[in-house]
Amino acid sequence: MVSNASSSFIDQTVVPGDVVLDLSKMINQTIKLGEGLRQDGDAISVMKAGKLKFSKPNKYWVETSQKRYVPHVDDNILGIVVDQKGENFLVDIKGPTLAFLPVLAFEGGTRRNIPKFEVGTLLYVRVVKANSGMNPELSSNGKAAEFGPLKEGYTFESSTALARTLLSSPTCPVLEALGKKLSFEIAVGLNGRVWVNAESPSTVILVSNAIMTSESLSGVQQRIMVDKLMQRMK
């Protein structure tokens with residue numbers, strides 16, 4: 001039997017930072033935690049976006065259709081802050097484990113000037129350590145002015161293959177076609193997260209939908225799709 005404390009989350013979409021179980025209310029019950037969940041005291045919280053699943057008698061996990069991202073040094077990625085422990089932020093990067101982001105790993109960071117990020121903050125960061133069997137380490141230092149928190153906008157997940165296509169040179173057809181007709185900001189993480197921002201919410205929606213649809217289309221089909229989406233906006 002599923003505890004009342006968690007029943008409302010079963011088969012619902014959950015995101016990093018969601019607390020889905022309170023062990024203090026589950027006296028004399030033993031549970032098993034599967035992928036995507038972690039324990040912190042009596043709280044069971046979510047480490048990656050997906051659907052919370054339960055199987056009798058006592059197993060909980062987060063199910064996601066996304067393939068796991070395997071971190072590599074110098075990858076620029078989008079991470080979501082899930083906690084802070086000591087001198088590290090714990091960041092969900094869609095990998096096998098959480099990553100560490102030292103509080104001093106920011107441009108101009110000092111112990112007197114430690115950034116404060118709430119759970120759920122989206123960060124554009126770089127992988128600086130990625131040893132097998134250890135939590136990856138991230139940094140927000142670098143030449144890219146975009147490193148750091150990304151505010152407002154809309155974030156969605158993609159396959160890592162689509163992320164690489166979006167970052168390829170020359171510019172992929174869907175972004176080239178969109179860029180000729182619309183003004184927007186975009187940040188793409190090699191871990192399969194995309195952030196889009198624009199003055200108009202309708203532009204954000206159109207750009208996001210076009211990118212998500214583009215993966216299964218040829219270059220010519222991507223341009224045609226963008227033209228059709230633009231016509232619908234008028």
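Which domains does the domain assignment of the chain give? Domain 1 covers 12-63, domain 2 covers 75-149, and domain 3 covers 154-233. Keep in mind that this is a predicted model.

Let's take domain 1 and domain 2. Their centres, taken over C-alpha atoms, are 24 Å apart. Who takes part in the contact? Domain 1 brings six residues, and domain 2 brings seven residues.

Next, the area. The size of an interface is often given as the accessible area lost when the parts come together. Here, domain 1 and domain 2 bury about 530 Å² between them. Carbon and sulfur atoms give 56% of that. Which residues of domain 1 lose the most area to domain 2? Pro16, Arg38 and Met47. Together they make up 70% of what the domain 1 side buries.

Look at Lys85 and Asp40 in the structure. These residues form a salt bridge, and their closest N and O atoms are 3.4 Å apart. Two residue pairs are in polar contact between domain 1 and domain 2, with both at pLDDT 80 or more.

UniProt, in an unreviewed entry, lists residues 153-201 as "domain: K Homology". What does the chain look like there? Over residues 153-201 it is 35% helix and 29% strand. The end C-alpha atoms of that stretch are 9 Å apart.

Technical notes
Residues are numbered from 1 along each chain as its sequence is written. This is a predicted model: local features need pLDDT of at least 70, side-chain atom pairs count only at pLDDT 80 or more; totals for chains, interfaces and linings use all residues. Side-chain values use heavy atoms; hydrogens and water are left out. Domain bounds come from an automatic or database domain assignment. Contact means heavy atoms within 4.5 Å. Buried area is the accessible area (1.4 Å probe) that two parts lose on being put together, summed over both. A salt bridge is a side-chain nitrogen of Lys or Arg within 4 Å of a carboxyl oxygen of Asp or Glu. A polar contact is a pair of N or O atoms within 3.5 Å; within protein, one must be able to donate a hydrogen and the other to accept it, and residues adjacent in sequence count only if both atoms are side-chain atoms. UniProt positions are given in the numbering used here, feature names are shortened, and annotations may be inferred rather than shown by experiment. Helices (H or I, at least four residues) and strands (E, at least two) are DSSP runs, numbered from the N terminus.
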